[in-house]
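Here are my notes for your first reading of this model. Keep the picture open while you go through the points.

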Amino acid sequence: MSEVVAMAGQAYMRQLLAHPLRTKAITSGVLAGCSDAVAQKISGVPKLQLRRLLLIALYGFAYAGPFGHFLHKLMDRFFKGKKGKETTAKKVLVEQLTASPWNNMMFMMYYGLVVEGRPFGQVKSKVKKDYASVQLTSWKFWPIVSWINHEYMPLQLRVLFHSFVASCWAVFLNLKAARSIANTPTKKA
């Protein structure tokens, strides 16, 4: 079994070196789709919503993977040759003040408009109502992930690491939402 895992890892690294953007996009799409499948199961959806799963996978493939690829290349170029904890802190700060707010906004808009198919006015109202809370929650968790990513991950594995953690985070948030719904008292008629 360990030989199979090692061979798969080597094959993945070969693809990552030969086709970095494509590999990161596919990886992000697959991880996003898998996390949505798990999230749907946890939230008690009786039958897997394939359309939703595919649209979430598309988001990972078409946006999250490529955005992460170019973000980390840009950050590496911007901080070229600079090392150390102070540089890592600056990278985390830049990422959390630029990419994090943008990505949260993009996901909320995509989810409302594309996945749920709601009209723009409704999505705009929901984003206006929930965005600050989402971003503040994000800033409690993602700076730690960003620190680990910039401090310990090689450049070519940063999107994979981020996508993996994002998948776990999405499952966690769905589990938390499912529990809060289950614990909400129902009104009696």
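1. Among contacts in the chain between residues at least 6 apart in sequence, what percentage join residues at least 24 apart? The figure is 70%. Contact here means heavy atoms within 4.5 Å.

2. Some ground rules come next. This is a predicted model, in which local features need pLDDT of at least 70 and side-chain atom pairs count only at pLDDT 80 or more, while totals for chains, interfaces and linings use all residues. Residues are numbered from 1 along each chain as its sequence is written, and side-chain values use heavy atoms, with hydrogens and water left out.

3. Now the overall layout. The chain has seven helices and zero strands. Its pattern along the sequence is α-α-α-α-α-α-α. Helices (H or I, at least four residues) and strands (E, at least two) are DSSP runs, numbered from the N terminus. Along the principal axes, the C-alpha atoms fill a box of roughly 65 × 40 × 30 Å.

4. Next, burial. The chain has 189 residues, and 35% of them count as buried. Buried means under 20% relative accessible area, exposed means over 50%, and partly exposed lies in between (1.4 Å probe, protein chains only).

5. Look at helix H2 (residues 20–42) and helix H3 (residues 50–78). Their axes come within 7 Å and cross at roughly 140°. Axes are lines fitted to C-alpha atoms, for helices over the stretch in contact, and angles run from 0 to 180 degrees between N-to-C directions. H2 and H3 are therefore oblique to each other. Angles under 35 degrees count as roughly parallel, over 145 as roughly antiparallel, 65 to 115 as roughly perpendicular, and the rest as oblique.

6. Stay with this pair. H2 passes H3 in a right-handed crossing. A crossing is right-handed if the near helix is turned clockwise from the far one by less than a right angle, and left-handed if anticlockwise. The contact of H2 with H3 has 14 nonpolar, seven polar and three charged residues. Ala, Val, Leu, Ile, Met, Phe, Trp, Tyr, Cys and Pro count as nonpolar; Asp, Glu, Lys and Arg as charged; the others, Gly among them, as polar.

7. Ile 26 sits in helix H2. Is Ile 26 buried, exposed or partly exposed? Ile 26 counts as partly exposed, because its relative accessibility is 42%. Ala 62 is 36 residues from Ile 26 in sequence, yet their C-alpha atoms are 8.7 Å apart in space.

8. Move on to H3 and helix H4 (residues 85–97). The two axes come within 11 Å, and the crossing angle is roughly 140°. H3 and H4 are therefore oblique to each other. The crossing of H3 with H4 is right-handed. Which residues meet? Leu 71, His 72 and Met 75 in H3 meet Lys 91, Val 94 and Glu 95 in H4. By class, that contact has three nonpolar, one polar and two charged residues.

9. Thr 87 belongs to helix H4. Thr 87 is buried, because its relative accessible area is 10%. Leaving out residues up to four places away in sequence, Thr 87 touches Phe 79 and Lys 82. Ser 163 lies 76 residues from Thr 87 along the chain, and 23 Å separate their C-alpha atoms.

10. Helix H5 (residues 99–115) has buried residues that include Pro 101, Asn 104, Met 108 and Tyr 110. What covers the buried residues of H5? The cover includes H3, H4 and helix H6 (120–152). After H5 comes Gly 117, with a positive phi near 70°.

11. H5 and H6 also pack together. Their axes come within 9 Å and cross at roughly 145°. H5 passes H6 in a right-handed crossing. Among the residues that meet are Met 105 and Leu 113 in H5, and Phe 120 and Trp 139 in H6. The contact divides into 11 nonpolar, five polar and two charged residues.

12. Last, the cysteines. How many disulfides does the structure hold? The count is zero. A disulfide is a pair of cysteine sulfur atoms within 2.5 Å. For Cys 34, the nearest cysteine sulfur is that of Cys 168, 11 Å away. Cys 34 counts as partly exposed, at 43% relative accessibility. Cys 168 is partly exposed too, at 41%.
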